[in-house]
Amino acid sequence: MYHRFDAIVVGAGGAGLMAALQLAQTPGISTAVISKLYPSRSHTGAAQGGIGAALGNLEEDHPEWHTFDTVKGGDYLVDQTAADVMCHEAVESVYELEHYGLPFSRTPDGKIAQRRFGGHTRNFGEAPVRRSCFAADRTGHMILQTLYQQCIKHEVNFYSEFQLLDLVFNDGVCCGIVALNIKDGEIHTFHAKAVLFATGGFGRAWKITSNALSNTGDGVAIAYRHGIPLEDMELYQFHPTGVYKLGILLTEGARGEGGILRNSEGERFTERYAPTLLDLAPRDMVSRFIYQEVREGRGINGGDFVHLDLTHLGAEVVEKKLPDLADFVRTYLGLDPVRELIPIQPTAHYAMGGIPTDIDGRVITGEHNTPLPGFYAAGECACVSVHGANRLGTNSLVDIVVFGRRAGRHMARYVQETGFTQLPQKPDLYAREQVGQLLARETGESAARIRSALQEEMMDKVSVVRSEEKLRAAQRTVRQLKEQYRHVAMQDRQTWYNSELHETMEVGYLLDLSESIIAGALAREESRGGHYREDYPTRDDVNFLRHTLVYDTPDGLQIRYKPVDLSKFEPKERKY
Ligand SMILES: Cc1cc2nc3c(=O)[nH]c(=O)nc-3n(C[C@H](O)[C@H](O)[C@H](O)COP(=O)(O)OP(=O)(O)OC[C@H]3O[C@@H](n4cnc5c(N)ncnc54)[C@H](O)[C@@H]3O)c2cc1C
């Protein structure tokens, strides 16, 4: 089936909806949002702790301090002009969300309430500051619902439960996408003047993850298969407080409200590692502190986990400020967080890397940042890069609203000035062949088995602490799994609601992305932010203060580099 819209947005999380809203508010532009999930199921809805903005509602704060924290938190791999744009526009974006009706938690005098979060400080690192704006521990849920309501109000066209299969270019200009209607298996071509990918992250490459089942990096992998390089893929964040064995996230807001991490001796071990920020040091550091405690035998009962202690906060703080967390702990662990310690371990959480873009969401390629006409990306699938080597808590929700908005506005101008590029002959050929082969093959490998083997290997060898030996072993495993995947076969070969079909394709995306993560991690022979190499334990600004670009070429993977924008702050050692 054929459709034609001026603008197509793929993904209905915070980034996609924010962009769609800008397009829908511009008269004369037709916009459609394509999403494999029903919009309100997008992972943005799982975000708990908050959205950072220097409103200064409870104490003095400035966007400039926010920029500094973002750059330092990202271990100086952040593009500083982009971070500055984000931290300044965060303030008006939060007020805009408020005006759309987002029910923020309030101070007694009616202002938006704010709380502490990891790495957020006053006056360039002096002491913690309250910067995270929140709606209890359901901030993402409220953002998603608010934006979805606004999109409905502005009559955005939604194609929900449509899975992106391919991106279409003609002569270097992006001119549409191909998607599968999950309901009946029909393949649709969407012709457009511009396409935005807002397809989210890929935490499902790891066994222990905070990410939803659908976070499989589809958009990132599809761009990569089109020869677009991926930026800084090796920089993946492990959040320190996932529920032990399950990975379900317990928000950093818990430590923002005063929660403490303790080892088997009951000791608040962060005192030894980060005397100023303690439990609220950036996530990459706290995850490594936990790893170190476990390695030195101070995990609980000698195991690979420690405790999150909220027992001193009192029932009122836990129930009012952290109601979802309390609910998760009761439901999944059968524990009462008001009275009992909570077992936690680091969980795969957030992709700092992804599809390279400029500050207007335009996808850029190569070492010289050449824009690809008509193709945009925003949100977790994109790399602007405002998070560098480690994202600060609350900065992803800022990223999706600020850059979703900027991308949507730039796209609106672009489609007003540009005509339709003709589609190439048979734009859906690749997608039809891919789906056709999967539906036809009767015997072969199981995608579910390949996925578990991949997730185990990534968890074991490509997580908080890495080394050449582990990475080489993981590289061999992923290559073998990719070979097995070429012969993958499904048991269900119906076309209606065939979840095995779209999950099988997702495994293919995870394999490609894992290969690029490992390649970037092997090449980065230093430790920076979320990437820690025990064989190269220090940061090496001489050789690696630069962004990695991984290309998938017919001759194999190629690594190139591009410079970091250091226009505001000079790189310094990170101390907290
Ligand atoms: C448990 C949890 C808690 C978090 N808490 C916070 C927090 O407190 N503060 C903070 O700043 N950040 C937080 N984050 C991170 C933040 O929520 C995410 O990075 C952000 O919401 C991503 O938004 P997005 O719009 O880029 O993507 P998502 O919200 O993940 O949406 C992706 C969209 O893409 C669509 N899609 C994907 N693939 C396809 C395909 N093949 N075809 C069609 N559609 C597709 C999906 O249907 C979905 O609509 C948290 C993340 C998690 C997992």
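Visitor: At what angle do helix 12 and helix 15 pack, and how far apart are their axes?

Guide: This is a predicted model, in which local features need pLDDT of at least 70, side-chain atom pairs count only at pLDDT 80 or more, and totals for chains, interfaces and linings use all residues. Residues are numbered from 1 along each chain as its sequence is written, and side-chain values use heavy atoms, with hydrogens and water left out. Axes are lines fitted to C-alpha atoms over the stretch in contact, with angles from 0 to 180 degrees between N-to-C directions. Helix 12 (residues 429–440) and helix 15 (residues 499–523) pack at about 115°, their axes 11 Å apart.

Visitor: Which residues make the contact?

Guide: Contact means heavy atoms within 4.5 Å. Helix 12 contributes Gln434, Val435 and Leu438, and helix 15 contributes Leu501, Thr504 and Met505.

Visitor: How many residues surround the ligand, and which are the closest?

Guide: A residue is near a molecule if one of its heavy atoms lies within 4 Å of it. Here 38 residues surround the ligand, the closest being His43, Thr44, Asp218, Glu380 and Ser396. Helix 11 gives the most, with four residues; helices are DSSP runs (H or I, at least four residues), numbered from the N terminus.

Technical notes:
Helices (H or I, at least four residues) and strands (E, at least two) are DSSP runs, numbered from the N terminus.
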